[in-house]
Amino acid sequence: VSDTMTESLKIDQNISETKPKCIFFDKPMSNNAARTRLYIRLKGITQDLIETKWVELEDLQSTEYAMVNPLRKIPALTTDTGMHLFESNVILDYIEDRYGDESNAGLPPFVGTSPEDRAFCNLLIRIHDIYISSPNCTQSNFAHTQGCMYLTPIQTDYCPARRTMDAPTRAAKLAEIYKQLCWLEETIHQTPYMCGSLLTKADITWFPTCIFFEFLLPIVFGWIRIFHESTHFPKLTKWFATCMENPHFLQTRKEILDELKLKHSKNQFLSIIEDVAKHPDLVWVFTDGRA
């Protein structure tokens, strides 16, 4: 276990300090952690309220981390009272309830202003969390839909055997990404944000995941440069451009892209690209006018 991880798990010591704080367990390339990180930045919540601890991949399987998140996933948060929380949306709701009035940004809650707005925001988040970012199972060889972009077909130094993915499964999950992107394009409000005029948790949730789409879908599967064209997904392209005007979104994008580019430079996606090439019978690029 890394020294940083060991130190960050001294929960009792943290609670006994004069001014206890929450501890947020983060990982640069995790899209689910990135939404929490982005939310904290947008709210202007400082490190004296929520301290960030960076977690390495090997830390997730440690006994120490299991005390914080028994699912051994990122993100997680230990509250200033010692309660352990996990699942991104649960953490965001807690931060809003606990620190919404104490943040420096003076922003309204990122959930919309009417019952309909809040329901629509929650629907967009639910679709993301169920159909894109979660396997809904902690057992071996169950993977989230987004894993089709980066989980390798064979065991490597970066992907254990329990997380490998065969070509038919990969193709099915890629079709699911395409399906949900089409639904999103048809469903979100025209502009500027997904739920209309106000920034919401839906934007904060989808944006980090869309960085994975932006970088990996063209490289691994030969898709168009998604979110940078106006023919196939015009509403999503406009939305993406709006988000990119915010420096906090830009910073989050850079953090994820830097990690993805580093992995690409080490050929971590090469076995996937080769496996895709070996299966021309499967659908990797969609041709109904979108991708």
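What follows is a conversation about the terms and the values behind them.

Guide: This is a predicted model, in which local features need pLDDT of at least 70 and side-chain atom pairs count only at pLDDT 80 or more, while totals for chains, interfaces and linings use all residues. Residues are numbered from 1 along each chain as its sequence is written, and side-chain values use heavy atoms, with hydrogens and water left out.

Visitor: How many helices and strands does the protein have?
Guide: The secondary structure comes to 11 helices and 4 strands. These are DSSP runs numbered from the N terminus, with helices being H or I of at least four residues and strands E of at least two.

Visitor: How do you know whether C195 and C121 are bonded through their sulfurs?
Guide: A disulfide is a pair of cysteine sulfur atoms within 2.5 Å. The closest cysteine sulfur to that of C195 is in C121, at 4.7 Å, so the two are too far apart for a bond. A search of the whole structure finds 0 disulfides. C195 itself is buried, because its relative accessible area is 9%. C148 is buried as well, with a relative accessible area of 0%.

Visitor: What makes α7 and α8 parallel, perpendicular or oblique to each other?
Guide: Angles under 35 degrees count as roughly parallel, over 145 as roughly antiparallel, 65 to 115 as roughly perpendicular, and the rest as oblique. The axes of α7 (residues 167-187) and α8 (residues 201-221) come within 13 Å and cross at roughly 130 degrees. The two helices are therefore oblique to each other. Here axes are lines fitted to C-alpha atoms, for helices over the stretch in contact, and angles run from 0 to 180 degrees between N-to-C directions.

Visitor: Which residues of α7 and α8 meet?
Guide: R170, L174, I177, L181 and L184 in α7 meet W206, F213, L217 and F221 in α8. By class, the residues of this contact divide into 8 nonpolar, no polar and 1 charged. Nonpolar covers Ala, Val, Leu, Ile, Met, Phe, Trp, Tyr, Cys and Pro, charged covers Asp, Glu, Lys and Arg, and the others, Gly among them, are polar.

Visitor: Why is α8 called oblique to α11?
Guide: The axes of α8 and α11 (residues 270-277) come within 9 Å and cross at roughly 50 degrees. That angle makes α8 oblique to α11. In this contact I219, V220 and F221 of α8 meet I272, I273 and V276 of α11, giving 6 nonpolar, no polar and no charged residues.

Visitor: Why is α9 described as largely enclosed?
Guide: In α9 (residues 234-243), 7 of the 10 residues are buried, so the helix is largely enclosed by the rest of the structure. Among the buried residues are W239 and F240, and what covers the buried residues of α9 includes α7, α8 and α10 (247-265).

Note on methods. Buried means under 20% relative accessible area, exposed over 50%, partly exposed in between (1.4 Å probe, protein chains only). Contact means heavy atoms within 4.5 Å.
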